[in-house]
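Please look at the sequence and the structure first.

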Amino acid sequence: MYCCAPIETQASSEETKKRIILPRLNQCHSCFGVFCSEFIMPRLRARINKRSSERNQRLLQHFCENTSIHGLKHIFEDGSLFFERVIWSLVFLSGICFSGYFCLQMWQKWEQSPLLTSVETHLYPLKNIPFPAVTICNVNKVSGRKLNDAISGNPKFKGVSYAKLQTTLRYMTKLDRAFNNEEELLKLSRYYEALNITALDLFKVLKRTAPSCTDLILDCSWLGLSEPCMQYFTFLPTDDGMCCTFNGGKYFDTILDLETKAHEPLKVNGNGYRMGLSLVLDADLNDCSVTSGKFDGFKVLIHSPEEFPDVAHRGFVIGLGTETFVGVKATTSFYAEEVAKEIPPSIRQCHVEGEKKLKYFQRYSRSACSVECDTQFMEERCHCRPFYFKGDNQTKLCEIKSYGCIAEVYEGIHSRGDICGEECNCLPPCSDTWYEPEISYASFPGRGFNRTRTFKRIVARHRLISGSETKEYLKSNVAMLHVYYKEKTGMRYRTDIRYGIEDFISAMGGLLGLGLGMSFISVIELFYFLFYRRIFLWLRTNWSTHKKAPENQTMAIAPQHSYRTSSKSRKSPPSSPTINPSSSNIWFLSLDGHSQLVRRGSVNLPSQIQGRVFKY
């Protein structure tokens, strides 16, 4: 049975054409399609795939014979044994594993730890380091004499009893007393609301009744001089009540109407207690009303001038009748300019100056940022802020009923670590200074204290009578404090980029060169043979076919036979490279199977032909 039967072409009518001829034609077309798909196309595809495979193989062999990567030419060398190829293949794979492993290690080191902190010097001059701020808090938070005067002198508090106001100030100066006392706090709050006494009025009473700096300090000496030592003290609110801060930063609070004058941080040129701060502190136990501890004495905190003095959590204790020596070791750190420019804050883990602005503090520090973040957290939870946290006019002070909430939030923040600092991205400053105190003490006063200039100044200023009573008072009410630099120099750390882009590229290039002999040119060669070699070969072939060769070149390369040949034979080059000593060009078969015309002496000739050509 034939797939396509003979068709009568003498059909006369249109009906016969539609009924007989068109179905026969469709049947012929379908039969031809089946024949093509089953017999012709598979053979054509196989032939194309074979040619493509051969072309790719020639291209790969050409790359391996000419690349600068070590070992490949031995694997694909003509005439080499199978055993040789296996050995060189294993050597090449070991080179890849060696270079790949160490390049991966280098990448991880560059990605995970791009910075390197090292000690720049142990001999950093003290004159370049600000003297630390010293915050001193009396354990006695309220003076009994001043509290009586505040009640009698303020019309708002004439109806308030001494005991009720004393209890209120006790809650304000020590937050942990507010735990589980919500009922009493609520009663006190309703009581003050009835008398139209606000939280700001209660803070003013606390500020007025707290022992001032002149009450606290009997004698002050800075660099061996008593003047102008007291000018560097400020009376500011802290988490441990109203305290005195020496060499503190600028402070302002519009609601509390507090503002201190800014001054340059103090500096010293030497070490030893005579080149620092010396204080004689008076606790005046007979005037105690509200205390924050189970002991008599003072709490002291050594900190940076820009830091918030959280004395209640970080301060150390000075007992009465003691002379305490605090030798400070100063350490500074700074980052190179390249770090600030090239490394983001999330990686370098610090803020450069001016990178992060604070709302309530003039200069950035991690402590100030954390306090500002704590304030925002308290505003969200308790809808107010305590008096010792800064705020603006939109942030109201906490009434006495909110101190239970404030105590829970504040304790939760410190028990869970610096959670607010993490949420608010409170990183340390890139250029920072911190102080490590070393504390020692002895009994005070000694037998020779009454012959010192300090004792004579105290007697003359406070009109004391030198005798056994004065000595007993000093022993039971007074402590002496010295804060100074222990060493003659400080330590300075420097943070640089551990691996810059130049170091990373150099290290990677060295590892690749050691393991594989690769270079920048090798990478270009690899991309060239993978992506661009075919394009250039195609361009060469098409360019040579469209280019009109001169007549003398055509005569030189033409085979010695008659021109009366077919067109196919005229277009084809000789089966083998034709070399004519009188001609400047030759034909050879390129890697893609096409003929190519090459000038004599060209370096583009295959290696197997160059020897035959150049000897001519």
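## Basis of the report

The model is predicted: local features need pLDDT of at least 70, side-chain atom pairs count only at pLDDT 80 or more, and totals for chains, interfaces and linings use all residues. Residues are numbered from 1 along each chain as its sequence is written, and side-chain values use heavy atoms, with hydrogens and water left out.

## The chain as a whole

The protein chain contains 21 helices and 18 strands; these are DSSP runs numbered from the N terminus, where helices are H or I with at least four residues and strands are E with at least two. Of its 616 residues, 39% count as buried. Buried means under 20% relative accessible area, exposed means over 50%, and partly exposed lies in between (1.4 Å probe, protein chains only).

The accessible surface comes to about 36100 Å², and carbon and sulfur atoms hold 54% of that area. Such areas come from the Shrake-Rupley method with a 1.4 Å probe; for residues, only the protein chains shown count as cover. Among contacts (heavy atoms within 4.5 Å) with a separation of 6 or more, 73% join residues 24 or more positions apart.

## Helix α6

Helix α6 covers residues 182–194, and its 13 residues should span 18 Å at 1.5 Å a residue; the end C-alpha atoms are 18 Å apart, which agrees. The expected span is 1.5 Å times one less than the number of residues.

Which residues of α6 are buried? They are Leu185, Leu188, Ser189 and Tyr192. Seen down the axis of α6, these residues fall within an arc of 100°, so they line one face of the helix; the arc is that of the directions from the helix axis to the C-beta atoms. An α-helix has 3.6 residues a turn, so residues three or four places apart point the same way.

The cover over the buried residues of α6 includes α5 (162–173), α7 (199–209) and α13 (403–415). On the other side of α6, Glu183, Lys187, Arg190 and Ala194 are exposed. Asparagine 196, which follows α6, has a positive phi near 60°.

## Threonine 234

Threonine 234 belongs to strand β5 (residues 233–238). Threonine 234 is buried, with a relative accessible area of 19%. Apart from neighbours within four places in sequence, threonine 234 is in contact with Cys213, Cys243, Cys244, Thr245 and Thr260.

## Leucine 539

Leucine 539 lies in helix α18 (residues 520–546) and is partly exposed, with a relative accessible area of 40%.
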